[in-house]
Amino acid sequence: DSATINNPKNTVDSAIVVGNLVREALEHINDNRPFFESEHGPIHAFKDRKRTSSEAFDDEYFKHIQWAHMASGGAGGGMRWPNRHPHVLTPGMRREQYKLSYFSKLVDWENFNRKNLSREIKISSVDFAAFCCADEEQAVVYVLRKNDLKKKMVNKEASPVNVKVLIPGLSTGRYRVTEFDTQSGTNKDVHIIDHLTEGNLLIKMNGVASDIAVSVKAEEV
């Protein structure tokens, strides 16, 4: 799997592998320590094959991995080894980090005893991959389109799709749901859901073209 991350064929498959690796790592941690992937990037392609990805591809590859890492329960977005000339993160990667930091303010990290639910969460469309971590009062979800690629990247002109997810394990109560536009780095929509019965919490996201991040947080009634 690490070969898939370090020698990316497209900007989506590597993110899915990262989500799986974060889940696997968390399963081996028994004392609530945070997990941080400290080495990702096109290592094999750059060092062994002497190939440098285009900046646009690399920025999107970086973006999808950082969101998959965080939404799967990892600490932050992981650490990218630039493996470019010059050996620094691109301005686009820095912008993606800023967007993630803005989203992070929506989460009460000190009281978020999260666990990975990427396999337990249900999603209405097979065209999207879902990454999720949650406890009984909060959840973070990242939804990434995987069926419509153009030049190994997500097709920016793909038709928007309405997507539903079912998140298990949340207590009954009132929740603030914030949909975050990862393209613009701003909140797309904020709404309140009253979760009155035990069972899955239904989140509806309208018009998802490429990807979207969602924060779910309990509200005092």
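Let's start with W67, which is buried at a relative accessible area of 0% (buried means under 20%, exposed over 50%, partly exposed in between, with a 1.4 Å probe and protein chains only). Keep in mind that this is a predicted model, where local features need pLDDT of at least 70, side-chain atom pairs count only at pLDDT 80 or more, and totals for chains, interfaces and linings use all residues. Residues are numbered from 1 along each chain as its sequence is written, and side-chain values use heavy atoms, leaving out hydrogens and water.

A pair of aromatic rings is described by the distance of the centres and the angle of the planes. Here, rings of Phe, Tyr and Trp (its six-membered ring) pair if their centres lie within 6.5 Å; planes under 30 degrees apart are stacked, over 60 edge-to-face, and the rest tilted. The structure has eight such pairs. One of them joins W67 and F103 edge-to-face, at 5.3 Å centre to centre with 75° between the planes. W67 sits in helix α4 and F103 in helix α5 (residues 91–104), so this pair links parts that are 36 residues apart in sequence. F103 is buried too, at 0% relative accessibility.

W67 also pairs with Y142, this time stacked: 5.9 Å centre to centre and 25° between the planes. W67, Y102, F103, F131, Y142 and F180 make up one aromatic cluster. As for the element names, helices (H or I, at least four residues) and strands (E, at least two) are DSSP runs numbered from the N terminus.

A213 is in strand β11 (residues 211–219) and is buried at 1% relative accessibility. Skipping residues up to four places away in sequence, A213 touches W67, F103, V141, Y142, T178, E179, F180 and T182, where contact means heavy atoms within 4.5 Å. A213 and H64 are 149 residues apart in sequence, yet their C-alpha atoms are 11 Å apart in space.

## How α2 packs on α4

H64 also turns up where helix α2 meets α4: S14, A15, V18, G19 and V22 on the α2 side meet Y61, H64, I65, A68 and H69 on the α4 side. By class, this contact has six nonpolar, four polar and no charged residues (nonpolar covers Ala, Val, Leu, Ile, Met, Phe, Trp, Tyr, Cys and Pro; charged covers Asp, Glu, Lys and Arg; the others, Gly among them, are polar).

α2 (residues 13–27) and α4 (residues 55–71) pack at about 25°, with axes 8 Å apart. Axes are lines fitted to C-alpha atoms, for helices over the stretch in contact, and angles run from 0 to 180 degrees between N-to-C directions. The two helices are therefore roughly parallel (under 35 degrees; over 145 is roughly antiparallel, 65 to 115 roughly perpendicular and the rest oblique).

Most residues other than glycine have a negative phi, and most peptide bonds are trans. N32, not a glycine, has a positive phi of about 65°; this residue is exposed, with a relative accessible area of 61%. K152 has a positive phi near 70° and is exposed at 52%. The peptide bond from H85 to P86 is cis, with omega near 0°, and P86 lies in the loop between α4 and α5.
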